[in-house]
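The following exercises can be worked through with the sequence and the 3D structure at hand. Try each task before reading the solution below it.

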Amino acid sequence: MNIRKSAPTVLIAAVIVMVVIVSVVSNYISHRMVTAFEEAQFSMMGQIVQSKLQDAEKKAISAAELVAAMPAVKKAFAAGKRDELLATTLAAYKIQHDKYGLSQAQFHTAPATSFLRVHNPEKFGDDQISYRKIVAEVNESNAIRKGVEITTSGIGIFGTLPMTDEAGKPTGSFEMGLEFGPVLDELKKSNGFEVALFIDEKMLQETATALKGDVFNSQNRTGRFVKFHSTHPELSRALVLDGDIEVRDDSSYIREAGGVPYGVLLQPVYNYTKKQIGVIAVVRSFAATRSADGQSIVWQTMLGLISIIMLSGMVLVVIRGMVLRPVEALTERVTALANGVQSEPMPDEALCDELKALSEQCEALAARKASGKAGDAT
Amino acid sequence: MTGSRSRAACGAVLAKLGTALVLFGALAFPATAAEPAKSREVAAAKAAPEAAVSAPTGKGLPVVVRAAVYFHNIESFDDNKGVFEATTDLRLTWHDLRLRYPAREALHGYKEYRVSAAEEMMAKIWSPRLRIVNKASDPTFTERRLRIYPDGKVETITRSTMSYKTPIDVTRFPFDLQPMLVEFVVNEDTIEVVDLDFVSEDVEFSRVARNVEVSGWTPGLVNLKRDLLKGWNGDRYARMKVTVDMQRQAGSTIAPIFIPLFASLLIPFLSVWMNKAIAGEFEVEAFELANVVIGGLFAVIALGFTISSAYPAIVAGDNTVTRLIGLNYVALAFGAVVAVVFYRYRMLANAFGPYVQEQIFRFISWSFPLTFVLCGLGFVAMSAA
């Protein structure tokens, strides 16, 4: 066995293994901490989006209740006087539209026939039972309902309530709705998220017949969905790809665009009947956490490597410098003595105390041998 | 008599010249978003009744002004001075119901006024008074277009070429992303009167023209951000920050900055590589190798000067370059310590014996360069992380 090679090899290997284990565990822990923080961010993003959509539903229903409670409205609707109903509600609708972003107000008669679109009075009388389930259910159950639905003009967030005449007899329903776009724009302003809404192209084409063609183009198409609205179209195009969009549950990932890492949360969007109609993508820059994670890995790797170098150096210096090299020198001296070659004794500072004692005994043996030879000679 | 006539003529000429200058000023720099709106207000007060230039309250207050910026061209971007010059289209949109008119009057769906006609019209209507907060110089070119829609929607696009100051953060140099900032604030009117806003349509408008090329940089996405500027007594003013993400082309910095920095790191290594230890004795004298270290010190000082004069922004803070310069000095200091401790005074040999010194010297002959090169690469990797 060659101690000169095997001893440092064993010790250095042990050092490397230990430092690598410590570095990997340490990297894993810090990476887990960053990932946990990012997961919390995704969770918060999802909660904020859901809360905003619920607020929009509440906003729609509260505005609808305010209008529906007006006696003049009840009376005109019960009497079937469309012009009078329009004259009574138009001013209120315009204020709601201009100041609070409500874009639709519509009266229906049972089961779901449009009586008056306050936002588009020229169009009425169409049966919406096939795609306005929320209206059909309100007229059937005489209870307030709210939710998301695809309409002829796109997709909206609706609050729908039953209407009664002064005697309390059901006369139909009234609803107010918000467009998705302004809600998402508001989300961006208040929280700094970029948001995109993707809707199932087939469903949208079937129902939203009044929708302009610019939505259905190749640039907006992602898988079987089309981008209906986006607060940053260029960014969402780079971050949400065909393979990502097919989600049935909340899904998140991190992707880089323009040199910046972004956290992308995809949430399925359901209509009132709980059928998935699309996906909402919420995007936020994760540059700070990703950078911290990357820097932590670099720092820990660097410290690990430097530790290996330093500890290996100590092993080499102690084993070779303090033990093996002096032993080699001592061996040379003893060999010389055994061969009867006279040479200079070893300098004291070259040896440790233990080897110094051995060296002194060797020198004494050599001296005795030399004096014995001298005695024989005389 | 002649003198007084010539003085009078002179006065008349000066008066005309003054008037001409005022008119030129009003036409050439007509109340752009970047300019204080004083001249425009004066013109408006003369040209239109008071009511016409007061804030449009038809849709209630605050008047919401939507803003968007298109970067038509980026003439230059000097990250050392934190200045860039760009030709931008600033689009502002708001509603003034007093300007509604029958749709049949609009041939293309709107009434359009260009350049001088736009200025003439702008003087008669209300428009938001915006101030470019970070402008570095007055615009060298300004042109405006105005569109008024039948429903009272007003849209102005101001094309101007101007220099802007922008904050530079080189912590992650050379893998940094610098925001090229255009920041404007509503002048005089508080947030209760005029607010700045944007919708997705404005985000879509706000981008860098596809053919724009900036040497050493890659223009990225344009970001819009609303903000508030605090005034006196709780006043707040609407502010908007428009930034273009400019990604530095890291490859272009390798030759002028990183190769010299890593090359100079080799100098102190020579103080170890050029010597040889045999049982505690060294072949080369201490002063010869100390000279190498001193030479290296001058080289690093010179390199530091060169970098600080060519890239003053980089040496101002903590980043890869300053860390590498620091690493060079530390390596030189270590080289000097080796020369003194090992070669001149043989301190380790005296303390622990010649064999320990010999082994330590053997160890530092490979660990010294390896550790410092590793640190250098680590600093670069850290900025890329």
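This is a predicted model: local features need pLDDT of at least 70, side-chain atom pairs count only at pLDDT 80 or more; totals for chains, interfaces and linings use all residues.

In what follows, Ala, Val, Leu, Ile, Met, Phe, Trp, Tyr, Cys and Pro count as nonpolar, Asp, Glu, Lys and Arg as charged, and the others, Gly among them, as polar.

**Exercise 1.** Describe the lining of the second largest pocket by the nonpolar, polar and charged residues in it.

*Solution.* Begin with the space itself, for the second largest pocket holds about 1300 Å³. Its lining is made up of 38 residues, and those nearest the centre are Val260(A), Ser285(A), Ala287(A), Leu177(B) and Asp245(B). Next, look at the elements that give two or more residues to this lining: in chain A they are helix 5 (180-191), strand 10 (260-270), strand 11 (276-285) and helix 8 (287-338), and in chain B they are strand 7 (177-186), strand 9 (217-230) and strand 10 (236-248). Finally, sorting the lining residues by kind gives 15 nonpolar, 10 polar and 13 charged.

**Exercise 2.** Examine the salt bridge between Arg91(B) and Glu201(B), and state which parts of the chain the pair links.

*Solution.* The side chains of the two residues meet at 3.9 Å, N to O, and a salt bridge requires the nitrogen to be within 4 Å of the carboxyl oxygen. Arg91(B) belongs to strand 2 (residues 83-95) of chain B and Glu201(B) to helix 5 (residues 200-205) of chain B, so that distant parts of the chain, 110 residues apart, are linked. As for accessibility, Arg91(B) counts as buried because its relative value is 8%, under the limit of 20%, whereas Glu201(B), at 40%, is partly exposed.

**Exercise 3.** Which residues are linked with Glu155(B) in a network of salt bridges?

*Solution.* Start from the pair of Glu155(B) and Arg145(B), whose closest N and O atoms are 2.7 Å apart. Glu155(B) lies in strand 6 (residues 153-165) and Arg145(B) in strand 5 (residues 141-148) of chain B, so the pair ties together parts 10 residues apart in sequence. Both ends are buried, Glu155(B) at 7% relative accessibility and Arg145(B) at 15%. Widening the view, the network joins Glu155(B) and Arg145(B) with Glu112(B), Arg114(B) and Arg147(B).

**Exercise 4.** Is Ile21(A) buried or partly exposed?

*Solution.* First locate Ile21(A) in helix 1 (residues 3-68) of chain A. Its relative accessible area is 43%, and therefore Ile21(A) is partly exposed. Ile21(A) also belongs to a nonpolar surface patch, with Val17(A) and Met18(A) among its other members, and the patch has about 800 Å² of accessible area together.

Conventions
Residues are numbered from 1 along each chain as its sequence is written. Chains are lettered from A and ligands numbered from 1 in the order in which they are written. Side-chain values use heavy atoms; hydrogens and water are left out. On a 1 Å grid over the protein atoms alone, a cavity is a set of points where a 1.4 Å probe fits but cannot get out, and a pocket is an open set with protein on both sides within 12 Å along at least five of seven lines; lining residues have an atom within 4 Å of a point. Grid points are joined across faces, edges and corners, and a volume is the space filled by probe spheres set on the points. Helices (H or I, at least four residues) and strands (E, at least two) are DSSP runs, numbered from the N terminus. Patches are made of residues with over 30% relative accessible area and no salt bridge: like charges are joined within 9 Å, nonpolar side chains (Val, Leu, Ile, Met, Phe, Trp, Tyr) within 5 Å. Accessible areas come from the Shrake-Rupley method with a 1.4 Å probe; for residues, only the protein chains shown count as cover. Buried means under 20% relative accessible area, exposed over 50%, partly exposed in between (1.4 Å probe, protein chains only).
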